[in-house]
Structures are given as C-alpha cells and as structure tokens.
Amino acid sequence: MDYNQLAVNLLDAKSLISSLGAIGLIAIIFAETGLLVGFFFPGDSLLIIAGVAASNAASSVLGEGTKLPIAALLIGAPLAAIVGAQLGHLIGVKVGPKMFDKPESKIFRREYVLKAEEYFNKFGPGKAVVMARFIPIVRTFLNPVAGTLEMPARTFFLWNVIGGVLWTESMLLIGYFFGDAMAPVIDKYLIPAMLMIVLLSVSPILVEVLRERRKKKAGGAGAGTADAEAVQAGGGRHRRD
C-alpha cells in the first residue's frame, strides 16, 4: 500500500467518494464535526461531490459503478453532522476547561474560548452555531468551545439540528441538481470554487483580525485587554438553564 498516496487522498473529496462510498462519507462528516482530529477533512467539497455522485453525472465524473443513493445521503449526512457536533459539545462540557487551559498547547488555547464567546455575544449563540457549519475548521472547534462556555444543551441541540441540516442538505443538493452542468468542468474548477467559498466564509474573521491589528497599532491594545477581561469575568457566559 502506498501510504503517501493514501495521505493525499484523505484531502481529496473526489478520491474519498470513489474509495469509501456513502458510508465512508457519513463517517467522515461525523469525524469532522465530532472528533477534533477531523478538522482537516474537506467537508464542503466532499458533500458537493457526493451530491454529484448521486446525480446522473456520477459515471462521467467518478466512473462506472460509483453512483451513490441520494436518499441515504440526505438522511445519513445530517444525522452524522448533528451527532458529531453533539459529541463535540459534550467533550467541551466534560473536559473543555482542562483542554483549553493548557499553556503549552498549540491547538486548544484559552484565547479561542474568549474569542468564541465574543462571537456568541455578537451574533447570538444560535446564529453562531449555524454560521459555524459553513466555515471550515471553525465547525470542528466551535462545538467543544460551546460546551466549554456552558451553552445550554437544549439550546445547542436546537441550533445544531438547524445548522447541520442546512449545511449538509444545501451542499448535497447543489451537487445533485447541478451535477450535469458541473461534470465537464468539475476537475478544473472545483478546487478554485471551494477556495472561494472558504475565503468568503472566513472573510469576517479576517476583517476582525485586521481590525484588531489596527487597534493595536493605534494604541488600542489596552481597550482590547479590557474587553477580554470583561468577557473572562463571565458577563456573557451562556450558562445552563
């Protein structure tokens, strides 16, 4: 077995669909949303290619014998996304404070909790959970952060269901209904299109980062520290009912 090729294929949505099929797709969606090590999976493009694989364009894009059942995808993918996010929230509730308070950790940092809480306060917890579904990497880490911030389980479940269904069904149906149109150009334009989607998704974060840097250059670092301390004091925490 060529392990280097396998490693590359893990990041290739088309290869993953061809190799693993519907069950593999559903497992990956669960891993990306529920297991913190799954943040590198190409969830958006994976779902779109899966939709194409369930359309009449399946054979021309992925080859003969690779057509996927659309009904199984429309049921299994949102369930995997919802269950995975619930697991992430539970991890945050159980071990979140320990996980994010390790000063030597390069991945789980306390700053993420503070920033996520600011994000919750700015957009509201429901909107934050739904929006995170469409932002790569964020959709993996926001769930345990929500648990760490003690977002009520019932509130998280409600918005998790809404976000999980919107994300998976919209991506799948884009591929399914536009599969024929996408088939001739999918190899050439899929990656640039997904990069554009990612860029648009993370643009609010980039704007916020640039804004913070400008504040620091303008001598506003003290105000930023005060805001962080106010958040840490617990003014905006989403505690259980």
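The legends below walk through a few close-up views of this predicted model.

Residues are numbered from 1 along each chain as its sequence is written. In this predicted model, local features need pLDDT of at least 70, side-chain atom pairs count only at pLDDT 80 or more, totals for chains, interfaces and linings use all residues, and side-chain values use heavy atoms, leaving out hydrogens and water.

View 1. Helices (H or I, at least four residues) and strands (E, at least two) are DSSP runs, numbered from the N terminus. Of the 241 residues in the protein, 43% are buried; buried means under 20% relative accessible area, exposed over 50%, and partly exposed in between (1.4 Å probe, protein chains only).

**View 2. Arg-139 sits in a network of salt bridges with Glu-32 and Asp-44.** A salt bridge is a side-chain nitrogen of Lys or Arg within 4 Å of a carboxyl oxygen of Asp or Glu. Arg-139 and Glu-32 meet at 2.9 Å, N to O. Arg-139 belongs to helix H8 (residues 138-148) and Glu-32 to helix H2, so this pair ties together parts that are 107 residues apart in sequence. Arg-139 also forms a salt bridge with Asp-44, with the closest N and O atoms 3.2 Å apart. That pair links helix H8 to helix H3, where Asp-44 lies, 95 residues apart. Both Arg-139 and Glu-32 are buried, and Asp-44 is buried as well.

**View 3. The largest nonpolar core has 23 residues.** Such a core is a set of buried Ala, Val, Leu, Ile, Met, Phe, Trp, Tyr and Cys residues joined through side-chain atoms within 4.5 Å. Ile-17, Leu-25, Ile-29, Leu-47, Ala-50, Leu-68 and Leu-73 touch the most other members. Helices H2 (13-34), H3 (43-53), H5 (70-100) and H9 each supply at least two residues of this core. Another core, of 13 residues, lies apart from it, and Phe-120, Val-145, Ala-146 and Phe-156 are among them.

**View 4. Helix H9 has 25 residues.** From its first C-alpha to its last, H9 reaches 35 Å, close to the 36 Å expected at 1.5 Å a residue; the expected span is 1.5 Å times one less than the number of residues. Buried residues of H9 include Phe-156, Gly-163, Trp-167 and Leu-172. Leu-158 also lies in H9 (residues 153-177), but Leu-158 is partly exposed, with a relative accessible area of 48%.
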